[in-house]
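Thanks for coming. I will take a few minutes on one chain and go from its contacts out to its overall make-up.

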Amino acid sequence: MNLIELELSVTTINTLQNAGIEHLEEIVEGMKYDPAKTSLALAKIKYEDFLVITEEIGKRTINVLDNP
């Protein structure tokens, strides 16, 4: 899912794109392969946007686990 589809603030989208993150899946992959850069980008975004992102990741994780 594209980050723009999540209704995030422009500042958050800009911060994540500057870190090379444009899709929700790239956050999960970034935490595996470059956790420092990904964590730093997530630390810079708005708290409200962080909640939206983590909620969406949680939904996708449940869906993936429920549908092997």
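When I say that two residues touch, I mean that heavy atoms lie within 4.5 Å. One more point before the details: this is a predicted model.

Let me start with Ile27. Leaving aside residues up to four places away in sequence, Ile27 touches Leu3, Ile21, Thr38, Leu42, Ile53 and Ile57. Ile27 also belongs to the largest nonpolar core, which has 13 residues. Among those with the most contacts inside that core are Leu3, Ile21 and Ile53, along with Ile27 itself; Leu6, Leu8 and Leu16 complete that list. Helix H1, residues 10-18, together with H2 and H3, are the elements that give two or more residues to this core.

Next, the pair H2 and H3. Two packed helices are described by the angle between their axes and the distance between the axes. Here H2 covers residues 24-33 and H3 covers residues 35-44. Their axes come within 6 Å and cross at roughly 130°. Angles over 145 degrees would count as roughly antiparallel, and 65 to 115 as roughly perpendicular, so H2 and H3 are oblique to each other. On the H2 side the contact is made by Ile27, Gly30, Met31, Lys32 and Tyr33. H3 puts in Pro35, Thr38, Ser39 and Leu42. By class, that contact has five nonpolar, three polar and one charged residues.

Now H3 by itself. Which residues of H3 are buried? They are Thr38, Ala41 and Leu42. These residues sit on the same side of H3, because they cover an arc of only 100° around the axis. As a reminder, an α-helix has 3.6 residues a turn, so residues three or four places apart point the same way. On the other side of H3, Ala36, Ala43 and Lys44 are exposed.

One backbone item. Most residues other than glycine have a negative phi. Glu7 is not a glycine, yet its phi is positive, at about 60°. Glu7 lies in the segment before H1. Is Glu7 buried or exposed? Exposed means over 50% relative accessible area, and Glu7 has 71% relative accessibility, so it counts as exposed.

Last, the chain as a whole. Its secondary structure comes to four helices and zero strands, in the pattern α-α-α-α along the sequence. Of its 68 residues, 29% count as buried. Among contacts with a separation of 6 or more, 54% come from residues 24 or more positions apart.

That is what I have; questions are welcome.

Conventions:
Residues are numbered from 1 along each chain as its sequence is written. This is a predicted model: local features need pLDDT of at least 70, side-chain atom pairs count only at pLDDT 80 or more; totals for chains, interfaces and linings use all residues. Side-chain values use heavy atoms; hydrogens and water are left out. Axes are lines fitted to C-alpha atoms, for helices over the stretch in contact, and angles run from 0 to 180 degrees between N-to-C directions. Angles under 35 degrees count as roughly parallel, over 145 as roughly antiparallel, 65 to 115 as roughly perpendicular and the rest as oblique. Ala, Val, Leu, Ile, Met, Phe, Trp, Tyr, Cys and Pro count as nonpolar, Asp, Glu, Lys and Arg as charged, and the others, Gly among them, as polar. Buried means under 20% relative accessible area, exposed over 50%, partly exposed in between (1.4 Å probe, protein chains only). The arc is that of the directions from the helix axis to the C-beta atoms. A nonpolar core is a set of buried Ala, Val, Leu, Ile, Met, Phe, Trp, Tyr and Cys residues joined through side-chain atoms within 4.5 Å.
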